[in-house]
Amino acid sequence: MMLCRVTSIAGSKRRRRCYMLQRHRDILRNYSQEFSKTKGNIKQFRDREDLLGSVQRDISAYKASAGGLNRRTDLYLKENEHIRNSDRLTDEAISVAMATKENLTSQRGVFGSIN
């Protein structure tokens, strides 16, 4: 600023240079402010991504460690389902056997009355 006042006396050519110098300083200051804002935004974004990334890694690690537990639980559930199916089939076989027994008993009665 001081340079501009001293050189403003020297003429219009120096005034134009001084004006351009001041204008360039203003532009540089604006760009510096924008750069600082952008740099801060990028830092916030990186910090946020680091935080969320660590949370995602923690969740993935938890799921991976619980994955063995889930597989084991799934195997137990499948085994339980197999046992229930076997029980149901056994009940059906017993029902068929009981019906057969009743049918044979009834046939014996019919054949016994024929003699």
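A nonpolar surface patch of about 250 Å² is made by Leu51, Val55 and Ile59, where a patch comprises residues with over 30% relative accessible area and no salt bridge, nonpolar side chains (Val, Leu, Ile, Met, Phe, Trp, Tyr) being joined within 5 Å and like charges within 9 Å. Accessible areas were computed by the Shrake-Rupley method with a 1.4 Å probe, and for residues only the protein chains shown count as cover. The structure is a predicted model, in which local features need pLDDT of at least 70 and side-chain atom pairs count only at pLDDT 80 or more, whereas totals for chains, interfaces and linings use all residues. Residues are numbered from 1 along each chain as its sequence is written, and side-chain values use heavy atoms, with hydrogens and water left out.

Arg14 lies in helix α2, which covers residues 12-114, and is partly exposed at a relative accessible area of 44%.

A search of the whole structure finds four salt bridges, each defined as a side-chain nitrogen of Lys or Arg within 4 Å of a carboxyl oxygen of Asp or Glu. One of them joins the side chains of Asp26 and Arg29, with an N to O distance of 2.6 Å; because these two residues are three residues apart in helix α2, they are separated by about one helical turn. Asp26 is partly exposed at 21% relative accessibility, and Arg29 is likewise partly exposed, with a relative accessible area of 45%.

Another salt bridge links Glu92 with Arg88, the closest N and O atoms being 3.1 Å apart, and Glu92 and Arg88, four residues apart in helix α2, are separated by about one helical turn. Glu92 is partly exposed, with a relative accessible area of 42%, as is Arg88, for which the value is 43%. The side chains of Glu49 and Arg48 also meet in a salt bridge, at 3.9 Å from N to O, and Glu49 counts as partly exposed at 36% relative accessibility.

Notes: Buried < 20%, exposed > 50% of the residue type's maximum accessible area, 1.4 Å probe, protein only.
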